[in-house]
Each structure stands twice: as C-alpha cells, then as structure tokens.
Amino acid sequence: MTDSATEERIVVGMDGSAGSAAAVRWAADQAIRQGATLQVVNVWVHDSMLDDASANRTVEEARDVHLKALEAATAKVLDAHEGIKITYDVPQGDPGETLVERSKGAALLVLGSHGNGKLRELLVGSVCKTALRHATCPVAVIPPVAAAPEGRFGRLLASVSYEPGPIL
C-alpha cells in the first residue's frame, strides 16, 4: 500500500562519477520494477573555479550545458533501459541540500558513494551524509563497480558478482 503523499518517483544524483553512474543504473532498475518515474538530478554552482561549464558563460548558458551533458551521460549509462520515464533536473545550489529538497515526496533517493568535482573530491561522502541525515524518504547509497585485480585471482573475483535485490 502506498502513501498518497508519496509520488511514484525515484530521485538519483548524477555528477559523472563512476559511483553516480552505478547509482543511475540501480535507480533505473528500481524505477522499472516499481513503475516509477526516474528523476535524474545534477546539482551545480555557477562559479568557474568550481564548475568548468560556468567559465565564460551566463547562468542560462551554463544550465543548458549541464542539461545536455546530463542527458547524454544518462543515455550512455542507461543504453539498455527501454520504456522508462526519465525527467532531468539541473538546479544550482549545495548538492546535499538540493538533493534532499528534490527528494521530498519521492519514493526513494539514490546516490553514488563517491562524487566527482573539484571541491567534492575534498568532501567525499558529504552529500551522502547530508542526505542520510535529512532526507524524508528512504536513501540508497550505491558504490561504484569494483575493478578486479589482474591475474588468476582477479579473474576468479570477476566471476563472482553481487547484484542487490529489489527494495521491499
């Protein structure tokens, strides 16, 4: 039974990192299972020191660059996911606070365990910590896909996979 105040919407943060790509794939699988809309969000700051897309661009031009990049990155990550309804959101602001705000009323917020970006590299995990503390919906944190080491042991590890099951 679903709460009438909860939308059939899964929000996922995408910043181009391996962790966020894994999060988008996982969130898309959940959206298909639940018949939910996938809302892919890329939060950015209009500052050329923190955001390459903002250099020598107006806010609207930078927003367009982020939107096109988000659509292309999502399409690349979800090449095998057909029939899923996707919306894109490229707000400016603090990533943690903005994702918490976007997740209000959502069925689920999905994040990668490690972000990407000039400042975010120094603050690994800060977005997840904010979301885990303040989100009003369930939060799933997805690690990036691990690379197996070279050699016979690496091939053995690569043959063993773990796929998380659906959220019950």
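Contact means heavy atoms within 4.5 Å. The structure is a predicted model, in which local features need pLDDT of at least 70 and side-chain atom pairs count only at pLDDT 80 or more, while totals for chains, interfaces and linings use all residues. Residues are numbered from 1 along each chain as its sequence is written, and side-chain values use heavy atoms, with hydrogens and water left out.

View A. Not counting residues up to four places away in sequence, Ile 10 touches Ala 27, Gln 30, Ala 31, Gln 34, Ala 36, Thr 37, Leu 38, Gln 39, Leu 108 and Val 110. A nonpolar core is a set of buried Ala, Val, Leu, Ile, Met, Phe, Trp, Tyr and Cys residues joined through side-chain atoms within 4.5 Å; buried means under 20% relative accessible area, exposed over 50%, and partly exposed in between (1.4 Å probe, protein chains only). The largest such core has 25 residues, of which Ile 10, Val 12, Leu 38, Val 110 and Ile 142 touch the most other members. Two or more residues each come from β1 (9-13), α1 (18-34), β2 (37-41), α2, β4 and β5. Helix α1 gives the largest share, eight residues. A second, separate core of 13 residues includes Val 11, Ala 106, Ala 135 and Cys 137. Helices (H or I, at least four residues) and strands (E, at least two) are DSSP runs, numbered from the N terminus.

**View B. The open sheet.** Five strands with parallel pairing follow the order β3-β2-β1-β4-β5; two strands pair if DSSP finds at least two bridges between them. Strands β3 (86-89) and β5 are at the edges with a single partner strand each, so one side of each lacks a neighbour in the sheet. Between β1 and β4, which run parallel, there are three bridges. Val 12 stands opposite Val 110 in β4. Helix α4 packs on the sheet, where α4 touches β4 and β5, and the direction of α4 makes about 160° with that of β4. Axes are lines fitted to C-alpha atoms, for helices over the stretch in contact, and angles run from 0 to 180 degrees between N-to-C directions.

View C. In α4 (residues 126-134), the residues Val 127, Cys 128 and Ala 131 are buried. These three lie on the same side of α4 because they cover an arc of only 95° around the axis, taken from the directions from the helix axis to the C-beta atoms. Their cover includes α3 (95-102), β4 (108-112) and β5 (139-142). Exposed Arg 133 and His 134 are on the face turned away from the buried side.
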